[in-house]
Amino acid sequence: MHALAIAIFVTVIIGSAAHAQQQRSVRDMISDMKARYGQTYDQCRTLAVSRGYRLNEDDDDVGARSVMMFIEGCIMGKQR
């Protein structure tokens, strides 16, 4: 019984940490990409605009997350 309680506690802690990491704001993730990839980020951002993405970095905007995912894919070479 004691082992089960510890296992549940560890599972909750790990799940909470994973959830917190997923909750990073779009603005934070975009700032990280800008700092890490510089010119490549700018080129991919320009490509996103040319493909019709709106560059609204509002954290609550689903479109902002879509732009971020597009740019991330572009940086990895998955957009042409």
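This report describes the fold, confidence, helix packing and selected residues of one predicted protein model.

**Basis**

Residues are numbered from 1 along each chain as its sequence is written. The model is predicted, so local features need pLDDT of at least 70, side-chain atom pairs count only at pLDDT 80 or more, and totals for chains, interfaces and linings use all residues, while side-chain values use heavy atoms, with hydrogens and water left out.

**Fold and confidence**

The protein has 4 helices and 0 strands. Along the sequence the pattern reads α-α-α-α. Helices (H or I, at least four residues) and strands (E, at least two) are DSSP runs, numbered from the N terminus.

Mean pLDDT for the protein is 77, and 62% of its residues reach 70 or more. pLDDT is the predictor's confidence in each residue, from 0 to 100. Among the elements, α1 has the lowest mean pLDDT, at 61. The highest, 91, belongs to α3. Where pLDDT is low, the predicted coordinates should not be read in detail.

Of the 80 residues in the protein, 21% are buried. Buried means under 20% relative accessible area, exposed over 50%, and partly exposed in between (1.4 Å probe, protein chains only). Take contacts between residues at least 6 apart in sequence: 57% of them join residues at least 24 apart. Contact means heavy atoms within 4.5 Å.

S25 sits in the loop between α1 (2-22) and α2 (26-37). Is S25 buried or exposed? Its relative accessibility is 17%, so S25 counts as buried. The S25 side chain reaches the backbone nitrogen of D28 at 3.1 Å. For reference, a polar contact is a pair of N or O atoms within 3.5 Å; within protein, one must be able to donate a hydrogen and the other to accept it, and residues adjacent in sequence count only if both atoms are side-chain atoms.

**α2 against α3**

Two packed helices are described by the angle between their axes and the distance between the axes. For α2 and α3, the axes come within 6 Å and cross at roughly 125 degrees. The two helices are therefore oblique to each other. Axes are lines fitted to C-alpha atoms, for helices over the stretch in contact, and angles run from 0 to 180 degrees between N-to-C directions. Angles under 35 degrees count as roughly parallel, over 145 as roughly antiparallel, 65 to 115 as roughly perpendicular and the rest as oblique. On the α2 side, I30, M33, K34 and Y37 take part. They meet Q39, T40 and Y41 in α3.

**Helix α4**

Helix α4 covers residues 62-75. Its 14 residues should span 20 Å at 1.5 Å a residue, and its end C-alpha atoms are 20 Å apart, so the two agree. The expected span is 1.5 Å times one less than the number of residues. Which residues of α4 are buried? They are A64, V67, M68, F70, I71, G73, C74 and I75. These buried residues pack against α2 and α3 (39-50). An α-helix has 3.6 residues a turn, so residues three or four places apart point the same way. Just after α4, G77 takes a positive phi of about 90 degrees.

**C-alpha pairs reaching α4**

The table lists C-alpha separations.

| Pair | Residues apart along the chain | C-alpha separation |
|---|---|---|
| V26 and V67 | 41 residues | 9.5 Å |
| R27 and M68 | 41 residues | 9.1 Å |
| D42 and I71 | 29 residues | 9.1 Å |
| G52 and V67 | 15 residues | 9.8 Å |

V26 is in helix α2. At 1% relative accessibility, V26 counts as buried. R27 is also in α2, but at 42% R27 counts as partly exposed. D42 belongs to helix α3. Its relative accessibility is 45%, so D42 counts as partly exposed. G52 lies in the loop between α3 and α4. At 61% relative accessibility, G52 counts as exposed.
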